[in-house]
Amino acid sequence: MTKTYIPPQDTINQQWYLVDAADQRLGRLATEIANILRGKNKPEFTPHMDTGDFVIVVNADKIKVTGKKRSQKLYRRHSGRPGGMKTETFAQLQARIPERIVEQAVKGMLPKNSLGRQLFTKLKVYAGAEHPHQAQKPEAIKIQTIPGDK
């Protein structure tokens with residue numbers, strides 16, 4: 001009987017990637033980012049371990065959605081008090097906190113357990129083009145989210 005390979009924790013090489021979200025589709029970009037955070041793009045992927053990489057997302061304020069999602073997609077949060085539900089549309093949240101849109105989209109695609117919470121800490125989202133992670137020497141990757149676009 002063959003055994004499942006589990007990579008030793010000290011052999012896992014974690015890289016830093018830089019993703020430009022300008023004019024990208026939200027859902028398709030979030031899927032690719034979640035796969036990188038999870039480590040599914042690596043041959044040593046193990047479902048119950050953190051084998052993924054760090055991802056820096058810049059220009060989160062320039063992300064796009066299709067159809068009528070700009071005015072119809074709702075983001076909800078609750079204070080925990082009776083009647084404490086607050087809702088706002090995609091356009092309102094993008095004007096107020098554009099980073100939260102990408103964060104929530106990616107977080108929804110990660111596991112709902114302690115591993116998912118650990119993976120989520122490796123996502124860094126910034127509204128503008130600047131980020132404070134130059135010392136990590138992030139590798140810029142191009143994610144193609146617009147179908148048919150070369």
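Which strand pairs with strand β3 (residues 74-78), and in which sense? Strand β4 (residues 85-89) is the partner, and the two pair in the antiparallel sense over five bridges. The model is predicted: local features need pLDDT of at least 70, side-chain atom pairs count only at pLDDT 80 or more, and totals for chains, interfaces and linings use all residues. Residues are numbered from 1 along each chain as its sequence is written, and side-chain values use heavy atoms, with hydrogens and water left out.

**Figure 1. Overview of the chain.** The chain holds five helices and six strands; helices (H or I, at least four residues) and strands (E, at least two) are DSSP runs, numbered from the N terminus. In order from the N terminus, the elements run β-α-β-α-β-β-α-α-α-β-β. The C-alpha trace spans about 55 × 45 × 35 Å along its principal axes. Of the 150 residues, 37% count as buried (buried means under 20% relative accessible area, exposed over 50%, partly exposed in between, with a 1.4 Å probe and protein chains only). Among contacts (heavy atoms within 4.5 Å) with a separation of 6 or more, 70% come from residues 24 or more positions apart.

**Figure 2. The hairpin of β3 and β4.** Arg 77 stands opposite Lys 86 in β4. Two strands pair if DSSP finds at least two bridges between them. The hairpin has six residues between its strands, and Gly 80 takes a positive phi near 95°.

**Figure 3. The open sheet of four strands.** The strand order is β5-β2-β1-β6, with parallel pairing. β5 (123-125) and β6 (139-140) are at the edges with a single partner strand each, so one side of each is left without a neighbour in the sheet. Strand β2 (residues 54-58) is joined to β5 by three bridges, and Val 57 stands opposite Val 125 in β5. Helix α1 (residues 26-38) packs on the sheet and touches β1 (16-20), β2 and β5; its direction makes about 155° with that of β2. Helix α4 (residues 98-107) also packs on the sheet, touching β2 and β5, and its direction makes about 155° with that of β5. Axes are lines fitted to C-alpha atoms, for helices over the stretch in contact, and angles run from 0 to 180 degrees between N-to-C directions.

**Figure 4. The contact of α1 with α4.** The axes of the two helices come within 8 Å and cross at roughly 60°. That makes α1 oblique to α4 (angles under 35 degrees count as roughly parallel, over 145 as roughly antiparallel, 65 to 115 as roughly perpendicular and the rest as oblique). On the α1 side the contact is made by Leu 26, Ala 30, Ile 33, Ala 34 and Leu 37, and on the α4 side by Ile 101, Val 102, Ala 105 and Val 106. These residues divide into nine nonpolar, no polar and no charged (Ala, Val, Leu, Ile, Met, Phe, Trp, Tyr, Cys and Pro count as nonpolar, Asp, Glu, Lys and Arg as charged, and the others, Gly among them, as polar).

**Figure 5. The surroundings of Asn 59.** Asn 59 is found in the loop between β2 and α2 (69-72). Asn 59 counts as buried because its relative accessibility is 9%. Not counting residues up to four places away in sequence, Asn 59 touches Asp 20, Ala 21, Ala 22, Tyr 126, Ala 127, Gly 128 and Ala 129.
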